[in-house]
Amino acid sequence: MKGGDSGGTGKMFIKSKLKWVGLVGLVLSALSLFTHFLLARYYSYTDDAITEYQAITIFSWRPIFHNADLSPNSKLYRRLWGPVRRLESLQPHAKPRQHYAVPVSESSRFIFVRIRGGFHEIRSSICDAVVIARLLNATLVIPEIQSTTSSKGISAQFKSFAYLYNEDHFMTALANDITVVKTLPKSLKGARRKKEIPSFKVANSQSPYYYLHHVLPVLKRHSVVELVVSDGGCLQAILPPDLEEYQRLRCRVAFHALSFRHEVQELATKILHRLRAPGRPFIAYDPGMTRDALAYYGCAELFQDVHTELIQHRRLWMLKRGIVKGNLTVDSNTQRLNGSCPLTPEEIGIILRAYGYPWDTIIYISGGEVFGGQKKLIPFHAIFENVVDRTSLTTPWELNKIYGREANLVDKYPKAPPAAEMETKKEAWKTSGQRPRPLPPPPARPKSYNIEGWWGWVAESDNEPESTVIELRTNAHKLLWEAIDYMVCVEADVFVPGFDRDGKGRPSFASLVMGHRLYQSATAKSFMLDRKEIAKHMDEISDNLYEFNQTWIESVRSHLSKSLVDGLTEKSKASKSLSFLSFPVPECACLRSKGNGGSSLPAAVKVAPSCPAWMGKDVVSRTGDKEDEDDLDDDDSWPFSLFFRQSGGSGNRNTANSGGRGGGEMMSSKEETQMEDQEEMEGGDR
């Protein structure tokens, strides 16, 4: 008995021990998972440079570099990334220069503005609304952004203006210009709910005369007016000389008062840190290939697939509403040769390689939509390896954070009742007797489509389906995506626009970015490409697209270099009359040079006045700057064979089969050795 008892006790002891071991193992596993979770959250919130831990566990992008980093003192580095020295004397100066009265603190007149449109249209319209409020000596109610209020399911934490911008900063920054309030007084809120407030649907580019002689009398009678702005801007871009101070007010609004809300700025700053973490400069590229722009300019035949039909459908819609004039069918090749169509990502990739950017250059692609989907970006990814966007540099959790807490929408497509004929067929099938009998008709599929590139309704209906609830919310999200892209593009070392027009023929997102860069840092490289000239260059090598052509490369380099400065003149002619913010100089700039320092500046810029004394010492005049930059363009020491294969080769033009080496085996192992030797000659850091 005693032996049996001792054996049972031993077994119970062993079982108890195993339980404790299992329990300890579970506790340690839970602690390990909790520790990893805390580390992930900590590193995702840190503002410092990205660590190796985060690069592995937080997001998937890991840059691949084949070339040694260039020395900042080398000629090649200065040509690719260095400042535009001819614009060094151009400085931002948007402060009032004449007598500028402080606004009346308690105005009895209120202007309420409702804004519709995309990101660039909203930004331009807000600036115009501030100028109009100053012109009419009225108090401005924080503008209402319709894209965020009409979309259901948006977080209640952020509404209307606050969904995109920082309200408090906006009000504080404009305290010396106009009086801004968040809401109408109680006495006027009831009138607005009853729709008793006089409303003006303002057309694009209205003159100051319109507001002074049509809106102001109504404002005096009713103390409040509502402006509905839907065309991206409600005040003409070029104002009379006596209203030049209002142009500088536009600059103060766009470049100082319109600050994105904290969550958006925080995420954009993280993306910038992650882009700069490898220690190399980067290019921001905005394709500008939107469906509306392609339809407006008649570029449908550039696709030769279902997207051609989608573009034509949109162009027909524009023709019916008078947005565009002309014929439905347009020769897209003629439009392309005239510079009226966007440059494709493949064309941008080829000219950037010809200019000298190696295939391991970091390139950030901005823009909420590349019409045609990822298929249009395949050649670009083949030419450059380190191509990223906001989705590859962030986690879904980080993107969801800027949206706030949103309702979990289940998008249910409404189903139309079955036709009487269909019901008759089903009943006949049920009562048709013994088998074999015909199969029943298939159920009707919902009219759904994928916004990334396939629209199922094209083959079934002439009418585009109405936006679903989820699509309306996605449209609001796009504003936040473009806000992030805007900040990244403004801070990029180089900016390259594929197209600078929207679906109404006006300056687009890329134009606002170039205007902001010109104001904030004129020396930062922004290629203002002549699409007509680029199309001509591309046709010259259409039969040998990826083969070596030294003369062609030299001509492309010359064009891109000239576009950095000489392109300002064309930009001022083409864009400023449509959007002041796309070219805010000379009104919002000054020159800090003496003597002949400004002789090399284009005519559109050199008329800027001298900077006031409080801005510091003048920039030392460098008469040889233009010659020095020309010498950089003529620098042939970097082997042309690094960019395009020698013309005696096999001539493989398939960029997709290049294995990520950029445009179809554009470098051999022998050429890699030549590149390394060349970097040593030019002082490249190892």
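Me: In this predicted model, which residue meets Arg 390 in a salt bridge?

Reply: A salt bridge is a side-chain nitrogen of Lys or Arg within 4 Å of a carboxyl oxygen of Asp or Glu, and here the side chain of Arg 390 meets that of Asp 485, at 3.1 Å from N to O. The pair links distant parts of the chain, 95 residues apart, with Arg 390 in the loop between β10 (387-388) and α16 (396-403) and Asp 485 in helix α18 (residues 469-491); helices (H or I, at least four residues) and strands (E, at least two) are DSSP runs, numbered from the N terminus.

Me: Is Asp 485 buried or exposed?

Reply: Buried means under 20% relative accessible area, exposed over 50%, and partly exposed in between (1.4 Å probe, protein chains only). Asp 485, at 0%, is buried, and Arg 390 is buried at 8%.

Me: What conventions apply to numbering, atoms and confidence?

Reply: Residues are numbered from 1 along each chain as its sequence is written, and side-chain values use heavy atoms, leaving out hydrogens and water. Local features need pLDDT of at least 70 and side-chain atom pairs count only at pLDDT 80 or more, whereas totals for chains, interfaces and linings use all residues.
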